[in-house]
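Reader: I am new to reading protein models. Please take me through one part slowly.

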Amino acid sequence: MASVPAPASATSAPSLKGTGAEASSNGLSDSIPSFKACDLDIDLVQTHKPKPDLAGLAFGTAFTDHMLTVEWSYQGGWQRPRIQPFGNLSIHPACSALHYAIQLFEGMKAYRGPDNRVRLFRPELNMNRMLKSALRACLPSFDRAELLECIRKLVEVDQEWVPHSDAASLYIRPTFLGTEPSLGVKKPSQALLYVILSPVGSYFTTGAKPVSLWADSKYIRSWKGGTGDCKMGGNYGASIFAQYEAVDYGCQQVLWLYGDDHQITEVGTMNLFLYWTNEKGEEELATPPLDGIILPGITRQSILELAVKWKEFKVCERYLTMSDLRCGLKENRVKEMFGSGTACVVSPVGRVLYQGENLQIPYQQENSLASRLLKELTDIQYGRTPSEWSFLV
């Protein structure tokens, strides 16, 4: 239960600063056969779609004018990347993504600052995670810097879709799937990588209000040796049933537990943090370790790095159980609990339903750590605070 100077992945991740043109010269470039951003074919729409009203916009339901596609085959390797009008994909009914879930995705955002510049937030970490997921899914490798430059160019083409608002952003969804037209269970010989963009407002309909969680060991999100540390669609599809059961119990999200001791792992689709006074009387911000069942979230890593930099309390990656939480609440040691992720940034927890008991989690918005972290992160994301984590489009 040692204090961590920084997440393990933080020091190994390459850093990107400035424009995408610098990406290939700062350590992110991979020496592998890959598509190249300089080979981009660009086919622009003749008529632009009307942009949606952000008020009441449901997450991920509106899409921009263009998309990025790159095809791969075992015989021909990577083809030229293409920015083209947004439209449906044509895939074979027997493709491996449909039958065997050989598929993965990423989640990123573009933000418009008060200077009207568009920024991405630590996109090199998304590229690292996407490549890791691809290797786990037996999909082909790619040059991370080249993909990031293609994404930068796509956002640049559709930059008018980035909302002029500090309460909204442009969600970026890179997706990678096996497209081999065969029912054989094997490594696919054909694949498609594509990126779509969607203007979004708040992820939760409750906004910044604390969410309620249903904690039950009946369902498991991931397990040791599985794919819980990769961003694969199957991880999310398998969680939907439990999500609806949580709603039946009057809760908004699932608090995923693991093992006989009911370890706390993730909340809904977010990483989880507990801010409390630990068993030794130390003020501590704790989150479960990256042991293979936890998704290495970019927001999670950023929160850990910010908290370590502040040096105001102990920052720890450690196992937490429902027994620890119960005991902490009983002894008035819990200060607050919150989830973190790209879609919501920081989301406070107000209640946990566990074994028939409603555990009330303390939360005061004005003086909370969650609110402070939300402000710190969004100030960087929207360019109000200069930071090396910002990637200019």
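Which residues in α3 meet which residues in α4?

Author: First, the ground rules. This is a predicted model, where local features need pLDDT of at least 70, side-chain atom pairs count only at pLDDT 80 or more, and totals for chains, interfaces and linings use all residues. Residues are numbered from 1 along each chain as its sequence is written, and side-chain values use heavy atoms, leaving out hydrogens and water.

Now the contact, meaning heavy atoms within 4.5 Å. From α3 come Pro123, Glu124, Met127, Asn128, Met130 and Leu131. From α4 come Arg144, Leu147, Leu148 and Ile151. These residues divide into seven nonpolar, one polar and two charged. Here Ala, Val, Leu, Ile, Met, Phe, Trp, Tyr, Cys and Pro count as nonpolar, Asp, Glu, Lys and Arg as charged, and the others, Gly among them, as polar.

Next, the geometry. Helix α3 spans residues 123-136 and helix α4 spans residues 144-157. Helices are DSSP runs (H or I, at least four residues), numbered from the N terminus. The two pack at an angle of about 125 degrees, with axes 10 Å apart. Axes are lines fitted to C-alpha atoms over the stretch in contact, and angles run from 0 to 180 degrees between N-to-C directions.

Glu156 and Lys153 form it, at 2.9 Å, N to O. They lie three residues apart, about one turn of the helix. Glu149, Arg152, Lys153 and Glu156 are linked in a network of salt bridges.

Terms used
Salt bridge = Lys/Arg side-chain N within 4 Å of Asp/Glu carboxyl O.
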